[in-house]
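Please find below a colleague's note on a model under review.

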Amino acid sequence: MKRTIRKVAVLGSGVMGSSIACHFANIGCEVLLLDIVPKELTEEERAKGLTLNDKIVRNRIVQTSFDKCLKSSPGPIYSKKFISRISLGNFEDDLPKIKDYDWTIEVVVENLEIKRKVYEQVEQHRKPGTLITSNTSGIPIHLLAEGRSADFKRHFAGTHFFNPPRYLRLFEVIPTPDTDPEITKFLLHYGDLYLGKVSVLCKDTPAFIGNRIGVWALLKVIDTMRKYDLNVDEIDKLTGPVIGRPKSATFRTSDVVGLDTLVKVANNLYAALPHDEGREIFKLPDVVNKLDENKWLGDKTGQGFYKKVKDKSGKSEIYTLDLKTLEYKPKQKVKFTTLETTKTIDNLRERFKVLLAGKDKAGDFYRDSFYGLFQYASNRIPEISDELYRIDDAVCAGFGWELGPFETWDALGVEKTVKAMEGMGYKPAQWVYDMLAAGHQSFYKVEAGQRKYYDIPSKSYKSIPGREGFIILENLSNNIVWKNAESKVIDLGDGVLNFSWHSKSYTLGSAVIEGLNKAIDLAEKDFQGLVVGHQGADFSLGANLGLVFMYAIEQDYDEIDFMVRMFQKSVMRLRYSSIPVAVAPAGRTLGGGCEMTLHADVAVAAAETYIGLVEVGVGLIPGGGGTKELTKRVSDRYLEGDAEMNALQSAFMNIATAKVALSAEEAREMGILRPQDRIVVNRDRQILEAKRAVLQLAQAGYTQPIPAQNIRVLGRSGMALVAAGVNGMKMGGYISDHDAKIAMKIANIMCGGDLTAPQEVSEQYLLDLEREAFVSLCGERKTLERIQAILTGGKPLRN
């Protein structure tokens, strides 16, 4: 049966309910969000003469919750215009509407009896054959469906989103024994393809997979911390980006999420798992219970493991909680020899080997916490999952880890690590020994570009199901056709090349530009097209500012001019080569990264792309074709008249304010992405979609474009209008003299320079104006101060 999801009803408008509603609106669904009817009037409602029968009162709870969600940061919605896809209502008046909806998701309070009452009402109205799922994180799924009809049970499952649903990619699907297998299969596929999630099939066990392993790992960190007498600052240094985890690490994450949430999950798991050999880790230490008792829960109560305080001058500082005295103290600078030795190791897998071999307290901490985690994760198979890859998928997608437990164990060497674990009393599950005895040395391996996992029952390697639609670049090491120190060119098959890079912050230095040009050369010679993009966290943070700063300090403006000229030529080759080029931005795509995207034949952007021309923030202008390209797009779209000037002003403001789109949809509204550019919700599918886009262009008969000679610019008349606005901002004290100077240089480019009347100019003409402005600003002291502030954390510029 073909199943299409067009309309989704979400029951419960709390933080999760409203956020889930927003994410379904993000992907184009019509959404109905419902909650309970208030039992009493507020003072404000009484003053207005309202009654409990007024619609505005009856929808007060859902409206208040939804409004609060929309104001949250980071935002739950791709574009404000998508808000109109969501209708609000209440259970008493609007629940009958679910008969017209394809999927009903229950997100009410975590109480079994309340949920059952909701299902009783749902059953009266839902259309047979439609989906009904629960977002519960702690109630057994099979208990929720008890007493319901056969059709309800066949179409019922748990679908657990992680908070915030837009950003955290884990989507756990938990069927009951009565769930139709086709429904389970559909939910897994829908989560991946449409919601952009890592869909993980879970057994109906306490906390499923993500929280069971992730929360245990977090509490094991606290256990090891006490064992080796470490403090909060030290732990957050040891458990953040250095091990491929979020910057918020352990205790900052707790403050953001709320300690009460951690306490609730841990207590529930301790009570629900009497036979779990790792159960004592879920028993919270006295200090955590004390914080919960004090309501020191983190950001929601103003203090937790960290607290923001003001010094005598009124400047805010972050203080850290001393867990021994429960006093807040200034943050400590953390230094460990083991961490120092890994500063030059960019590869996380290689870094882990050094971290766990450390001879200091940091090494002790890593060995104890990771060996404990490996033991616990291995013992959870087959209890919570039959396949080991699902455990890695769940914790990585739900907690933002780069490597899951089994992936980390592989990096360290399985057999070698087992012996070390035994020495510390962390003997793993028997199936690990059986795997090694069968001659298998790793949990994963790559064959013919496909990643396979070790299947425990068959003692063999199997392909991970559902990954056929993915191209994972790190699995294609045998397909590299060229590389240098910071970039490589990979054959994706079917006549398409990929160009990717791995410089620090994915900056666009000389080695990356060399690689880009080599990729275009190779593609033009022997291939049908090129995909530009990689699978790192961010596409690019732009140019190498350190290099720009060095040349500027030395007043080597010829070298800066050469750098800019080379970058301009390179991005122009993206547009004007003889083969189609798709650029695949994702994450932060700033400055030069944005300019590369602007010059693609087609951009295939991840939905979570944060893109903009931000050079003004460091006292420069977009000099790699960005200013030129936005000017060209205004010229392409508008004839003479007010609309043209308004569009030019909008493009000018986007550059002059260094505006960054906070989603690919917003980038489309800003004109950075065009109507023909594509947006991919699941980033794992992005490279394949970009490859398909290239092949479609090639097969349609791609013709090499010719650089534009007819870009309409307004000359002095446009400059005069911009100058009036800039002067008004300066006179009002909103911008500095230097900001005004930068703004007028942008206007000079976009209006075509000192032209007496509107006329048509070439792309190269505008590129020359760009380069001249960029180089001139590199000679400004204010610009150098801004660049150095970024490079050195705000230290003053020395004469």
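The numbered points below take these topics in turn.

1. Basis of the note. The model is predicted, so that local features need pLDDT of at least 70 and side-chain atom pairs count only at pLDDT 80 or more, while totals for chains, interfaces and linings use all residues. Residues are numbered from 1 along each chain as its sequence is written, and side-chain values use heavy atoms, with hydrogens and water left out.

2. The second largest pocket. Its volume is about 920 Å³. A pocket here is an open set of points on a 1 Å grid over the protein atoms alone, where a 1.4 Å probe fits and protein lies on both sides within 12 Å along at least five of seven lines. Grid points are joined across faces, edges and corners, and the volume is the space filled by probe spheres set on the points. The lining comprises 38 residues, of which Leu 508, Gly 542, Ala 543, Asn 544 and Leu 545 are the closest to the centre; a lining residue has an atom within 4 Å of a point.

3. Composition of the lining. Two or more residues each come from helices H22 (510-526), H23 (545-553), H24 (557-576), H25 (592-598) and H33 (781-792), and from strand S20 (587-590). Helices (H or I, at least four residues) and strands (E, at least two) are DSSP runs numbered from the N terminus. H24 contributes the most, with six residues. By class, the lining has 20 nonpolar, 12 polar and six charged residues; Ala, Val, Leu, Ile, Met, Phe, Trp, Tyr, Cys and Pro count as nonpolar, Asp, Glu, Lys and Arg as charged, and the others, Gly among them, as polar.

4. H23 against H33. Axes are lines fitted to C-alpha atoms over the stretch in contact, and angles run from 0 to 180 degrees between N-to-C directions. Leu 545, Gly 546, Val 548, Phe 549, Ala 552 and Ile 553 of H23 meet Leu 784, Ile 787, Gln 788, Ile 790 and Leu 791 of H33, contact meaning heavy atoms within 4.5 Å. This contact has nine nonpolar, two polar and no charged residues.

5. H24 against H26. The axes of H24 and H26 (residues 626-637) come within 12 Å and cross at roughly 35°. Met 572, Arg 575 and Tyr 576 of H24 make the contact with Lys 628, Glu 629, Lys 632 and Arg 633 of H26. Five of these residues are charged, two are nonpolar and none is polar.

6. Backbone geometry. Most residues other than glycine have a negative phi, and most peptide bonds are trans. Cis peptide bonds join Asn 163 to Pro 164, with omega about 0°, and Ile 381 to Pro 382, with omega about 10°. Pro 164 lies in the loop between strands S6 (156-161) and S7 (170-175), and Pro 382 in the loop between helices H17 (361-379) and H18 (388-399). Ala 207 has a positive phi, near 65°, and is found in the loop between strand S8 (198-201) and helix H10 (210-227).
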